[in-house]
Amino acid sequence: METILIAIFVIGYLAITLEHNLKIDKLIPALAMMAILWAMMAFGIDGFTTWFDSGKHALMDGFSALGHEDKMHVLEETLLHHLGKTSEILVFLLGAMTIVEIIDYFDGFATIKSFVKTRSKRKILWIFAFLAFILSAIIDNLTATIVLISILQKIVKVRNDRLWYAGLIIIAANAGGAWSPIGDVTTTMLWIGNKVTTGKLIGYLLVPSLICMLVPTFIASFLPAFKGSIDVEEAEPAKSRFGATMLYLGLAAIVFVPIFKTITHLPPYVGMMLSLAVVATFAEIYSSTKITISSVDQESDAESHHSPVHSALTKIELPSILFFLGILMAVAALESLGLLFNFAEGLKQGIGLLGTELPGTEISDLVVIILGIGSAVIDNVPLVAASLGMFSEPIDNPLWHFIAYSAGTGGSMLIIGSAAGVVAMGMEKIDFFWYLKKIAWLAFLGFIAGAICFVVMRYFF
């Protein structure tokens, strides 16, 4: 039965990876895989002799001796446990996405356009690189990429120029998301899963992530594509006089979430709901004034009077939320049977001795780097989800921070290797092989430079 379950997971995984070839949204195989795995486990529950207790992070004693009803009870309790943990991530993401959409409702991101006042290609590159690095750490790398490419389309009209900028934005956004607990879905998973803390995460990864952004940007600034100047269109004024206020309020509210968690020790989604309530309150107050408030894509006066919260909720990426639900619960199914635990033990014994070992763990730096490179080919969300079930290292062990860095930045090496890359690919119709030829080597150099920086800092500081 275990072999059949693994085969189902592999087939579903391939369907997710080949999303663009199959022309099927990745949420479909993710949800189907999740449902089939848990259904097969329910049908074959009597044939399983081991069960993994996620709470104790160890195999359950005496599981094989339990009767059918007791085993089904354990399965239901395990399913509920994983659903609860997964829901923490999903509710957190829903809150963050809604705040971002509320900011966009007031055209708050138009404020960022005012930073671009130069016509030098090289200066514009550095402006967007730092904006992507900083913004992704606050509103996540996916949203930061959408915002910056949208701005780029309004001020840089030559498509070939935009493609190069988009490539470097992807690298910078993924690097910026790696060092923030709210900057990337995978880092958020590790943070909510109590594998890393905010202070240690920033301390370990800020400099390596910065190096990961600086190295490719510095090299790119000397390439022919970024020499000379371009015609930059003047930024249009924001559609609402409350745009800047909502931008700063929304960003402050998101940044407040880690502070709330540190003070109260409550799960992050609780703080995110509080932040959303505050932002939504101001949004409703501002939208009830006689000043016409309309976002860029609102076309009628009737729409301008809609509740900004309701409008924001209709625009959030629900397909992404459902994908995370499917893939996280599918990985949880394999974890529950102890398959990931057994794989981790074999990995530690078979590969852990190939490189310099991480302090307090048998997993080598080489393995984590391979994980990062693999995240460019395979979606990093299930990779990190699998690592949560595979390893039992304590909170803030360097292993978790290195995984956060590698999974977060490694995906930049291919256009399909990260959410930021995929959305940029869709917005600018970037060709896979163009990115592979022009940008991949820059992303690889940045990834390796940041990894070396992480290792040096860990051993000498």
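Reader: Leaving aside its neighbours within four places in sequence, what is Ile102 in contact with?

Author: This is a predicted model. In it, Ile102 is in contact with Met246, Leu276, Val279, Ala280, Ala283, Pro308, Val309 and Ala312, with neighbours within four places in sequence left aside.

Reader: Which residues have the most contacts inside the largest nonpolar core?

Author: Ile102 is one of them, along with Met41, Phe128, Ile139, Met189 and Ile403. That core has 143 residues.

Reader: And which helix gives the most to this core?

Author: Helix α4, residues 68–105, with 14 residues.

Reader: Stepping back, how many helices and strands are there?

Author: The protein has 22 helices and 2 strands. Of its 461 residues, 56% are buried. Among contacts with a separation of 6 or more, 78% are between residues 24 or more positions apart.

Reader: What about Asn194, with phi positive or negative?

Author: Positive, near 60°; Asn194 follows α9.

Reader: New topic. How do the axes of α1 and α15 cross?

Author: At roughly 155°, and the axes come within 11 Å. Because the cut-off for roughly antiparallel is over 145 degrees, α1 counts as roughly antiparallel to α15. The crossing is left-handed. Helix α1 spans residues 2–17 and helix α15 spans residues 318–336.

Reader: Which residues make the contact?

Author: From α1, Leu5, Phe9 and Ile16. From α15, Phe323, Ile327, Ala330, Val331 and Leu334.

Reader: How many of those are nonpolar, polar or charged?

Author: The contact of α1 with α15 has 8 nonpolar residues, no polar ones and no charged ones.

Reader: Then Met329. Which helix does Met329 lie in?

Author: Met329 lies in α15.

Reader: Why does Met329 count as buried?

Author: Because its relative accessibility is 2%, and buried means under 20%.

Reader: What does Met329 touch?

Author: Not counting residues up to four places away in sequence, Met329 touches Met34, Trp38, Leu79, His82, Leu83 and Thr86.

Reader: And how are the C-alpha atoms of Met329 and Ala30 separated?

Author: By 9.0 Å, with the two residues 299 residues apart along the chain.

Terms used
Residues numbered from 1 in each chain as written. Predicted model: local features only at pLDDT ≥ 70, side-chain atom pairs only at ≥ 80, totals over all residues. Heavy atoms only, no water. Axes fitted to C-alpha atoms, helices over the stretch in contact; angles between N-to-C directions. Helix = DSSP H or I, 4+ residues; strand = E, 2+ residues; numbered from the N terminus. Parallel < 35°, antiparallel > 145°, perpendicular 65-115°, else oblique. Left-handed = near helix turned anticlockwise from the far one by under 90°. Contact = heavy atoms within 4.5 Å. Nonpolar A, V, L, I, M, F, W, Y, C, P; charged D, E, K, R; others polar. Core = buried A, V, L, I, M, F, W, Y, C linked by side-chain atoms within 4.5 Å. Buried < 20%, exposed > 50% of the residue type's maximum accessible area, 1.4 Å probe, protein only.
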